[in-house]
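Keep the sequence at hand as you read.

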Amino acid sequence: MHLTTQTITQLLHTIVDPNTGKDLVSSKAIKNIIVDGSEVNLDVELAYPALSQTSLIRNLVDNALSKAGASKIIVNVSSRIIAHSVQRGLTPMSNIKNIIAVASGKGGVGKSTTAVNLALALAAEGARVGVLDADIYGPSQPMMLGLSGKPPSLDGKSMEPLIHYGIQANSIGLLVETDTPMVLRGPMISSYLTELLTKTHWQDLDYLVVDMPPGTGDVHLTLSQKVPVTGAVIVTTPQDIALLDAKRGIQMFEKVGIPVLGIIENMSLYRCSHCGHIEHIFGQGGGEKIAAQYKVEYLGGLPLDISIRLQADSGKPTVVAEPNGEIANLYKTIARRIAIKIAERPKDTSKIIPKIVVSKDK
């Protein structure tokens with residue numbers, strides 16, 4: 001085959017990104033093709049963080065070009081995360097490209113543990129990530145991230161996020177004593193959320209993961225009215241009572257114009273550590289069922305495993321405690337799916353200012 005930019009492009013049309021299910025050309029990932037005889041140099045720019053996938057994608061391209069007759073191949077695989085559209089009337093924050101709300105209809109489904117592991121998974125895949133603990137009544141992110149001490153202020157007006165495991169974080173739990181109960185009315189809760197978000201000096205984030213309180217109350221209303229959210233993720237368990245509340249969560253986000261990126265089924269199954277027998281303690285297939293009912297993506301299921309709880313309680317969540325383990329890889333796979341769903345959203349155009357050209361009449 002005579003290698004030209006056109007023939008290389010046609011060949012790349014046949015290479016499918018296993019993470020998106022789309023070919024690399026249609027997904028506009030191919031950049032800067034340079035052909036010099038039998039030598040080919042090109043860039044693959046993914047719209048989602050994927051450090052663990054770069055070798056796989058590079059090899060797919062390399063093998064295809066080798067079969068086509070290329071003798072020297074240089075494939076540079078990278079990611080570029082951009083800001084995407086948010087609710088009508090709001091624009092993304094200048095220092096945060098995308099905000100992801102992790103929510104549940106009810107408590108006790110492992111939402112906070114899921115949120116922190118998803119944040120760590122996105123960071124492990126190469127993104128700049130922050131966590132905002134918006135669960136004002138029950139802040140748990142400081143404990144899960146092994147954080148203590150109040151966030152410092154360099155100017156007396158804003159707070160610097162605390163950084164651990166490569167992610168930035170802030171929580172009301174860092175600003176009050178550990179045993180202090182948060183006895184607050186609705187307007188005060190909303191004020192705390194707004195201040196935590198806007199007065200934290202987040203440093204150029206690709207994603208801010210917001211750990212929402214359970215239910216559909218004041219914090220959720222504030223989030224939908226004042227916080228530019230790219231999308232929401234619903235965490236549930238397979239049992240009927242959790243699914244009922246998860247449905248309410250989906251409907252709430254739909255009503256306020258925040259797209260639901262997908263459903264995560266936590267505690268999906270239990271595998272006996274002695275014999276390997278699998279049981280679906282809380283039921284089976286519930287998350288997939290409501291995902292199909294509401295036409296949102298089923299992002300995946302996570303097991304009921306004591307290690308997840310122990311690692312979170314010890315301040316070293318699963319993704320950093322066992323980064324190459326089976327459960328950490330599940331979190332990374334789900335995190336990539338969330339990032340891909342965001343990448344498929346319309347990009348933010350609020351900062352594109354139309355140019356006005358004035359010309360002299362002839």
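Helices (H or I, at least four residues) and strands (E, at least two) are DSSP runs, numbered from the N terminus. This is a predicted model: local features need pLDDT of at least 70, side-chain atom pairs count only at pLDDT 80 or more, and totals for chains, interfaces and linings use all residues. Residues are numbered from 1 along each chain as its sequence is written, and side-chain values use heavy atoms, with hydrogens and water left out.

Start with Ile15. This residue sits in the loop between helix H1 (5-12) and E1. Its relative accessible area is 6%, so Ile15 counts as buried. Buried means under 20% relative accessible area, exposed means over 50%, and partly exposed lies in between (1.4 Å probe, protein chains only). Ile15 and Leu60 are 45 residues apart in sequence, yet their C-alpha atoms are 7.1 Å apart in space.

Asn63 belongs to helix H2 (residues 54-67). Asn63 is partly exposed because its relative accessible area is 45%. Its C-alpha atom is separated by 9.6 Å from that of Ile73, ten residues apart along the chain.

Asn98 lies in strand E4 (residues 96-103). Its relative accessibility is 0%, so Asn98 is buried. The Asn98 side chain reaches the backbone oxygen of Ile82 at 2.9 Å. Gln87 lies in the loop between strand E3 (72-79) and E4. Gln87 is buried because its relative accessible area is 4%. A polar atom of the Gln87 side chain lies 2.7 Å from the backbone nitrogen of Val229.

Now turn to charge. Side chains of opposite charge can pair when their charged atoms come close. A salt bridge is a side-chain nitrogen of Lys or Arg within 4 Å of a carboxyl oxygen of Asp or Glu. By this rule the model has nine salt bridges.

One of them joins Asp211 and Lys111, with the closest N and O atoms 2.7 Å apart. Asp211 lies in strand E8 (residues 205-211) and Lys111 in helix H3 (residues 111-124), so the pair ties together parts that are 100 residues apart in sequence. Asp211 and Lys111 are both buried.

Arg248 and Asp245 form another salt bridge, with the closest N and O atoms 2.4 Å apart. Both lie in helix H7 (residues 240-255), three residues apart, about one turn of the helix. Arg248 is partly exposed because its relative accessibility is 45%. Asp245 is buried because its relative accessible area is 15%.

Glu195 pairs with Lys199 in a salt bridge, the closest N and O atoms being 3.7 Å apart. Glu195 has 38% relative accessibility, so it counts as partly exposed. Lys199 is partly exposed as well, with a relative accessible area of 37%. Elsewhere, Glu297, Arg337 and Lys341 are linked in a network of salt bridges.

What forms a positive surface patch? Lys28, Lys31, Arg80 and Lys347 do. Patches are made of residues with over 30% relative accessible area and no salt bridge: like charges are joined within 9 Å, and nonpolar side chains (Val, Leu, Ile, Met, Phe, Trp, Tyr) within 5 Å. Lys and Arg count as positive and Asp and Glu as negative, while His and the chain ends are not counted. The place of a charge is taken as NZ of Lys, CZ of Arg, CG of Asp or CD of Glu. Accessible areas come from the Shrake-Rupley method with a 1.4 Å probe; for residues, only the protein chains shown count as cover. Lys31 lies in strand E1 (residues 30-36). Lys31 is partly exposed, with a relative accessible area of 31%.

Finish with the backbone. Tyr165 has a positive phi of about 55° although it is not a glycine. Tyr165 is placed in the loop between strand E6 (162-164) and strand E7 (167-171). Its relative accessibility is 27%, so Tyr165 is partly exposed. Met267, not a glycine, has a positive phi of about 55° too. Met267 occupies the loop between strand E10 (260-265) and strand E11 (270-271). Met267 counts as buried because its relative accessibility is 18%.

Methods:
Polar contact = N/O pair within 3.5 Å; in protein donor to acceptor, adjacent residues only side chain to side chain.
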